[in-house]
There are 2 protein chains.
Amino acid sequence: MADFDLMRSLSQTAQTKIVLLVMDGLGGIPVESGGPTELEAALRPNLNRLAAEGCLGQMNPVGYGITPGSGPGHLALFGYDPLKFDIGRGVLEAFGIGVHVGSDDVAARGNFCTVDPSGKITDRRAGRIATDASKLLVDKLAKIKLPGIEIEVKPVKEHRFVIVMRGMGLSSCLTETDPQKTGVPPLPVKAIEPKAQRTADLFNEWIAQAGKILADDHPANMLTLRGFSGDPRLPQFNEIYKVKSACVAVYPMYRGVAKLVGMQGIAFEGDTPEDEFRAAAKIWKDYDFLFIHIKATDSRGEDGDFAAKVKVIEKVDAALPTLLASKPDVLLVTGDHSTPAKLKSHSWHPVPLLLWAPETVRPDTETAFGERMCARGGLGTFPTAELMPLALAHANRLMKYGA
Amino acid sequence: MADFDLMRSLSQTAQTKIVLLVMDGLGGIPVESGGPTELEAALRPNLNRLAAEGCLGQMNPVGYGITPGSGPGHLALFGYDPLKFDIGRGVLEAFGIGVHVGSDDVAARGNFCTVDPSGKITDRRAGRIATDASKLLVDKLAKIKLPGIEIEVKPVKEHRFVIVMRGMGLSSCLTETDPQKTGVPPLPVKAIEPKAQRTADLFNEWIAQAGKILADDHPANMLTLRGFSGDPRLPQFNEIYKVKSACVAVYPMYRGVAKLVGMQGIAFEGDTPEDEFRAAAKIWKDYDFLFIHIKATDSRGEDGDFAAKVKVIEKVDAALPTLLASKPDVLLVTGDHSTPAKLKSHSWHPVPLLLWAPETVRPDTETAFGERMCARGGLGTFPTAELMPLALAHANRLMKYGA
């Protein structure tokens with residue numbers, strides 16, 4: 001990982017602008033032996049030009065063979081060792097929708113689910129009920145009161161919601177209630193350590209009351225909770241690297257992880273890459289580090305839709321001139337992890353990286369942006385958490401170490 | 001190295017089969033500038049096909065520039081940091097021939113040698129006496145008794161034997177008696193720390209009595225002892241990775257190191273690669289991780305016989321269809337270290353790696369298996385101890401890290 005004390009001592013302010021463009025789950029693998037990956041199959045003249053002018057490499061977000069979740073993948077991109085800084089899903093989701101999680105609070109990610117008359121889960125996502133339907137249910141749940149604590153419940157998307165309990169002496173050392181399979185009932189919340197017993201009791205009481213409220217609903221007649229977590233109090237990005245940073249992202253979770261490290265979330269209209277690049281252009285003068293997050297590459301990868309993932313990449317490529325018009329000094333194009341359509345899930349494969357910095361880059365011999373090219377690229381294979389020092393260096397934002 | 005706690009938390013059982021095919025000392029260097037290495041010179045159509053379909057890389061077993069012994073080289077392949085887990089030669093040899101080394105025991109590897117009338121060594125291996133002759137001598141030595149301890153002496157191969165002392169308060173913190181050159185007498189055993197003094201005295205007394213027994217023999221009229229060591233109590237491979245593992249190896253030492261980490265040694269007839277692959281096929285259903293060890297690549301490398309090492313590789317290649325017929329999900333072809341025929345010894349050069357996994361691999365641009373190709377391969381250059389996480393990931397045996 002980036003050594004934060006070293007970064008603090010070497011980082012300096014400058015007039016340069018850095019853009020970290022993350023296509024979520026960018027990395028892929030061929031569907032057939034010898035075939036192209038999603039990135040290699042895409043029509044990508046702009047990315048290829050940047051690759052020819054810049055330098056390529058590939059990165060391991062957590063470690064060799066380790067498949068990262070979205071939280072660890074992004075923490076690594078921001079320079080945080082994801083094995084050292086562990087953030088729960090509850091906090092990530094809460095921050096993403098603007099719900100504060102203070103130092104005494106415990107957040108959890110909730111899923112509405114469907115249970116049969118005997119209480120066994122038949123659908124872990126309640127048929128992915130519409131966000132509007134979910135909101136109505138959350139409004140009902142928000143009326144549950146428990147003694148000595150405050151409770152906030154907020155809808156996220158579809159069947160997902162967030163619950164935060166606030167009060168003295170709470171602990172997030174709790175087991176999850178989602179059994180991760182159907183045919184069995186939700187599990188009770190259990191305390192992993194004795195001091196968490198009261199919090200476990202509170203969550204179990206809340207779940208019991210929620211179950212009664214939901215009982216007559218269909219298909220969302222029950223819920224599960226997971227990712228119990230508190231404020232991880234991360235070292236702050238802007239202080240470590242001496243930048244003013246902002247996040248342009250469509251999905252709450254990615255604004256959430258950016259907010260956790262202290263980036264400013266930017267509100268904007270629309271949800272296409274073009275919309276995101278326009279939003280970036282609008283705030284260009286006010287920030288010097290922009291994290292731009294494209295979600296759809298990952299979503300289409302998880303769908304197993306190779307062609308659709310290719311199209312997302314092509315859309316980003318086509319919109320790139322809008323981003324380049326602002327003239328970034330350093331542009332990093334990469335992913336937080338790989339999501340090969342063939343595997344329909346996140347994977348451990350290294351993440352392709354394109355580093356473009358017209359004034360400072362040492363180019364390699366590669367002339368197109370793809371996984372095979374990145375594996376031969378001039379930056380080699382390295383841990384994702386080393387990317388931030390590279391980005392700052394190419395932006396003249398790191399001083400010399402030693403005399 | 002593989003983080004064992006992380007591996008324990010992420011590893012999961014699966015129906016997939018992993019084969020780790022180790023050609024001992026596989027890596028080489030050209031004899032003449034511009035020429036091929038042993039691997040590159042070999043006729044290897046099967047390996048080249050696997051290379052084209054799979055992904056290449058190169059690994060450092062211990063560190064840049066560090067030449068590994070067989071123990072460290074194999075520990076690294078199994079995911080154990082060889083700088084953290086240090087296993088003595090004595091224990092390795094003992095385990096290899098089925099001699100138990102308990103927590104209170106001290107094992108040493110012995111060599112019969114030849115000394116002149118003044119006691120100076122003239123041949124450190126006593127002309128590599130035949131195993132049968134060695135056995136007769138070992139039978140005589142086995143009769144030596146010392147107060148308060150049990151002693152077990154067993155022949156290995158040719159001039160090699162193993163001695164294990166068993167009793168309370170023994171210590172393996174002892175210096176070796178082999179001076180590693182001729183023209184000087186064997187050294188006395190010395191205690192490296194005070195608590196080992198009694199053990200040093202016991203070994204010196206045993207050596208004195210053994211010297212008298214051997215005095216009239218020829219050429220094996222003396223012996224040296226090295227690799228004093230106790231049970232290293234290694235974390236267990238099957239528990240860490242959630243696999244059922246087995247070892248197919250001709251030489252005792254490699255079954256020994258496999259047994260140390262908890263792999264099941266497999267008895268079989270014959271000693272060719274084809275015999276080993278047939279043995280693997282026979283036990284295919286009972287295990288999901290097979291470590292197959294080919295010794296002759298290293299032996300011919302140590303002989304300095306480039307052409308003979310090439311032939312061993314060709315033999316392995318020719319036998320590969322037998323192994324592939326069982327349809328492994330992940331096949332790793334590599335070495336424990338390099339043994340270039342030109343250097344006639346183990347070396348520090350990175351070890352070529354071929355990773356073949358038809359369902360999950362991301363191929364690179366390389367189409368043949370050789371050191372030069374591996375240096376450009378898609379897996380990059382990495383520590384050997386990271387291989388196990390990669391192997392498990394490609395076999396769908398590692399869960400995602402973090403949400």
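Modeller: The answer below begins with a pair of helices in chain B and then turns to other parts of the model. The structure is a predicted model. The predictor assigns the complex an ipTM of 0.88 and a pTM of 0.89. For chain A, the mean pLDDT is 95, and 100% of its residues reach 70 or more.

The two helices are helix 4 of chain B, covering residues 70–77, and helix 9 of chain B, covering residues 252–260. Their axes come within 10 Å and cross at roughly 45°. On the side of helix 4 of chain B, the contact is made by Ser70(B), Gly71(B), His74(B) and Leu75(B). Helix 9 of chain B contributes Met253(B), Tyr254(B) and Val257(B). Sorted by class, this contact has four nonpolar and three polar residues, and no charged residues.

Chain B also contains a hairpin, formed by strand 5 and strand 6 with four residues between them. Strand 5 of chain B (residues 150–155) and strand 6 of chain B (residues 160–166) pair in the antiparallel sense over six bridges. Within this pairing, Pro155(B) stands opposite Phe161(B) of strand 6 of chain B. In the turn, Glu158(B) has a positive phi of about 50°.

The next topic is how chain B meets chain A. The contact takes 20 residues from chain B and 29 residues from chain A. Helix 14 of chain B (residues 387–394) supplies four residues, the largest share of the side of chain B that touches chain A. By class, that side of chain B has nine nonpolar, five polar and six charged residues.

In chain A, eight strands form an open sheet with mixed pairing, in the order 9-8-10-1-11-12-2-13. Its edge strands are strand 9 (264–265) and strand 13 (381–383) of chain A, each of which pairs on one side only. Strands of a sheet pair through backbone hydrogen bonds, either parallel or antiparallel. Strand 2 of chain A (residues 55–60) runs antiparallel to strand 12 of chain A (residues 351–356), and five bridges join them. Here Met59(A) stands opposite Val351(A) in strand 12 of chain A.

Notes
Residues are numbered from 1 along each chain as its sequence is written. Chains are lettered from A and ligands numbered from 1 in the order in which they are written. This is a predicted model: local features need pLDDT of at least 70, side-chain atom pairs count only at pLDDT 80 or more; totals for chains, interfaces and linings use all residues. Axes are lines fitted to C-alpha atoms, for helices over the stretch in contact, and angles run from 0 to 180 degrees between N-to-C directions. Two residues are in contact if their C-beta atoms, placed from the backbone, lie within 7 Å. Ala, Val, Leu, Ile, Met, Phe, Trp, Tyr, Cys and Pro count as nonpolar, Asp, Glu, Lys and Arg as charged, and the others, Gly among them, as polar. Two strands pair if DSSP finds at least two bridges between them. pLDDT is the predictor's confidence in each residue, from 0 to 100.
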